[in-house]
Amino acid sequence: MAKIEFEIPVSGVGVVTNNRTNNSHFATEVVHDLLIKIAGLWHDLHPDHPISIGQLSHKGGGSFEPSHHQHRLGVEADMRPLSKDGQDLMLDFESPQYSQDLTREFVKLLKANARMHRVFFNDPKLIAEGLTSHAAGHNDHLHLWFEDEQNSTPRVLRKGDQGDDVRQVQEKLIAAGFSIEGGADGRFGTHTEDAVRAFQAANGLTADGVVGPKTRAALGL
């Protein structure tokens, strides 16, 4: 079984968290990276409407009762429905502030970029459209149930990350004429972030210093 030891950050690009304890937001590496990627994709579309991720699994997995009967294997995450104004609110599908349009759009984005067993949420319209499934107690949150195996999902890279994928980005930046003090060392520090921002600005992208899908594509990755 994949290790369940990768913690979703309190907040990040396109994502905030809710209903958090010191042992509630752990996932497998695959699901952790996938959620960060999808949040980045969503941020590109709706930067003022972050998704709000609730509880996933305990570190190491196992029983999450009495809070949850599932959430044992690091591949399930709760999520609040999206609001009309981008606030992180406790909503159900009948709440005046609930945005059915944004929630529908997010589920479509999710399913286009991840292999899912099910998405449970009791909005009758989304169920009729085949986007979500009914489950008791799921009027006020979506239950995202990912498959164990996913297609390759490159990380969204930002300051503090390390690895071969960071080195590849650095090499592309340097080849494009955006020098990095220290060279391609595989460490995403301030100089790499500055080079990313400069590259993004020169290519008509949002200069946030984060290497998401659009920046990767512009770099030829």
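Colleague: Is Thr28 buried or exposed?

Modeller: This is a predicted model, and in it Thr28 has a relative accessibility of 5%, so it counts as buried, the cut-off being under 20%.

Colleague: Where is Thr28 found, and what is it in contact with?

Modeller: Thr28 is found in strand β4, which covers residues 26–28, and, leaving aside neighbours within four places in sequence, it is in contact with Ala2, Lys3, Ile4, Phe6, Leu73, Gly74 and Val75.

Colleague: And which backbone nitrogen lies 3.2 Å from a polar atom of its side chain?

Modeller: That is the backbone nitrogen of Val31.

Colleague: Changing topic, how many aromatic pairs are there in the whole structure?

Modeller: The search finds 5 aromatic pairs. One of them is formed by Tyr98 and Phe121, which are edge-to-face, at 6.0 Å centre to centre with 70 degrees between the planes. This pair links distant parts of the chain, 23 residues apart, with Tyr98 in the loop between β6 and α2 and Phe121 in the loop between β7 and α3.

Colleague: Are Tyr98 and Phe121 buried or exposed?

Modeller: Tyr98 is buried, with a relative accessible area of 6%, and Phe121 is buried as well, at 0%.

Colleague: Why does the pair of Phe120 and Trp145 count as stacked?

Modeller: The ring centres of Phe120 and Trp145 are 6.5 Å apart and their planes are at 20 degrees, so the pair is stacked, because planes under 30 degrees apart count that way. Phe120 lies in strand β7 and Trp145 in strand β8, 25 residues apart; Phe120 is buried at 12% relative accessible area, whereas Trp145 is partly exposed at 26%.

Colleague: Which residues do ring pairs link into a cluster?

Modeller: Phe93, Tyr98 and Phe121 are linked that way.

Methods. Residues numbered from 1 in each chain as written. Predicted model: local features only at pLDDT ≥ 70, side-chain atom pairs only at ≥ 80, totals over all residues. Heavy atoms only, no water. Helix = DSSP H or I, 4+ residues; strand = E, 2+ residues; numbered from the N terminus. Buried < 20%, exposed > 50% of the residue type's maximum accessible area, 1.4 Å probe, protein only. Polar contact = N/O pair within 3.5 Å; in protein donor to acceptor, adjacent residues only side chain to side chain. Contact = heavy atoms within 4.5 Å. Phe/Tyr/Trp six-rings, centres within 6.5 Å; stacked < 30°, edge-to-face > 60°.
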